[in-house]
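Dear colleague,

Please find below the structure that I am handing over to you.

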Amino acid sequence: MNFAHNSSIKAPTPPDKGSFPLDHDKECNDAMGDYLKCLQQNNSQSRYCVEFTKAYLKCRMDNGLMAKEEMENFGFDEIKKATIVDAPKINPNEPIIAGLRKRGTNN
Amino acid sequence: MISRFTKQILTNHYILNGGKLSYSNSIYSRNLIGSFNNNNKNIHLKSTSTPLSLHTLYSNNNEPFQINRYFSSNSSNNNNNNSQEEKNNQSYEQERKQRVHEKNKSTAMWVLTSIVGILGLSYAAVPLYRVFCRVTGYGGTVREETDQEHKKRNLERKLYPLTVTFTASTANKIPWTFKPSQSSIEVLPGEAVLASYRATNNTDKPIIGVATYNITPMKAGSYFTKIQCFCFDEQRINAHESLELPVLFVVEPEILDDKNLGGITDITLSYTFFKSNDQGELEEI
């Protein structure tokens with residue numbers, strides 16, 4: 001695969017921790033069900049369902065379906081330090097004038 | 001009484017023949033140029049009337065202006081002189097042949113060793129290349145990591161949420177039903193997010209499939225880090241079995257700083273399941 005000339009297209013990289021083993025015995029389906037319910041209730045915002053995520057990962061680790069990891073390593077606590085702002089509004093009808101800075105940038 | 005003309009011819013012949021009196025050569029029958037080649041090996045006479053004479057041009061050892069007369073014994077032993085010449089010629093010949101032969105032998109040895117060397121190098125290159133790939137991981141070689149260092153992301157910054165949409169598809173005529181469990185999730189960059197897909201094997205036989213993924217827009221792909229997923233590995237689903245396939249991923253916070261992406265807010269993750277070519281070993285788990 002020759003992606004070297006177009007650096008914006010990256011070749012697919014393998015996952016950091018590899019592949020999840022398959023849950024044939026459906027041991028963690030309940031935990032996943034809880035997480036999905038939480039997502040539906042919270043307008044699909046993942047930051048309100050961190051506890052369910054942790055519960056699911058713990059279920060996986062306990063049943064030998066995932067390598068054991070400290071919860072801190074996933075960075076669940078780091079996200080609390082961030083400030084959440086609104087996304088910058090970009091008017092899609094704004095014309096692009098050649099030579100000027102791109103729309104959507106603040107510089 | 002020799003006329004002046006023939007005298008001149010004789011002296012010229014004397015000089016051209018290297019000062020040797022060889023009455024066996026007749027003046028007219030012998031080719032003078034031929035005699036140059038034959039007799040030049042033994043000619044040490046260099047001085048002639050002109051600095052650049054045919055003599056010095058045709059001689060093998062070029063020592064111009066050197067006066068070194070070789071006089072065969074000025075007697076009537078011309079036959080002996082001739083045989084002596086021939087013997088010297090022969091030994092000279094032999095010596096030269098021997099030198100050439102030695103040179104040929106050494107060249108042949110050199111060529112042979114280089115051929116053997118290159119062949120050996122090409123055979124040795126296979127394990128060497130394997131070692132090189134294993135150490136550097138060039139070209140995506142799988143490397144074993146015993147202790148993985150966890151990337152600490154600096155999240156003390158402003159973030160705004162992105163929407164990640166999930167799509168699923170099947171290809172290569174795999175008889176599975178494959179869909180995401182949630183259509184989209186609002187994600188903060190830097191946060192580890194869990195997503196889930198569900199695959200159902202609708203047939204009576206266990207089938208092995210392989211999944212691959214794609215991120216749209218393309219430029220956002222470099223900021224999408226999968227912690228753990230079910231891609232690139234052969235996954236086997238038993239007959240009439242439905243499986244939960246989770247994905248744990250992080251969107252890097254640097255995506256918000258990238259000017260090329262220009263305030264992007266939507267990313268799509270699409271998974272495609274292919275039927276694996278290797279449907280072989282069907283073992284009971």
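This is a predicted model: local features need pLDDT of at least 70, side-chain atom pairs count only at pLDDT 80 or more; totals for chains, interfaces and linings use all residues.

Residues are numbered from 1 along each chain as its sequence is written, chains are lettered from A and ligands numbered from 1 in the order in which they are written, and side-chain values use heavy atoms, with hydrogens and water left out.

A search of the whole structure finds 2 disulfides over all chains, a disulfide being a pair of cysteine sulfur atoms within 2.5 Å. One joins A:Cys28 to A:Cys59, with an S to S distance of 2.0 Å. The torsion about this S-S bond is about -100 degrees, so the disulfide is left-handed. Both A:Cys28 and A:Cys59 are buried (buried means under 20% relative accessible area, exposed over 50%, partly exposed in between, with a 1.4 Å probe and protein chains only).

A:Cys38 and A:Cys49 form a disulfide with sulfur atoms 1.9 Å apart; this link is left-handed, with -95 degrees about the S-S bond.

In chain B, 9 of the 10 residues of strand E9 (residues 242-251) are buried, so E9(B) is largely enclosed by the rest of the structure. Strands (E, at least two residues) and helices (H or I, at least four) are DSSP runs, numbered from the N terminus. Strand E5 (residues 192-201) of chain B runs antiparallel to E9(B), joined by 9 bridges; two strands pair if DSSP finds at least two bridges between them.

Yours sincerely
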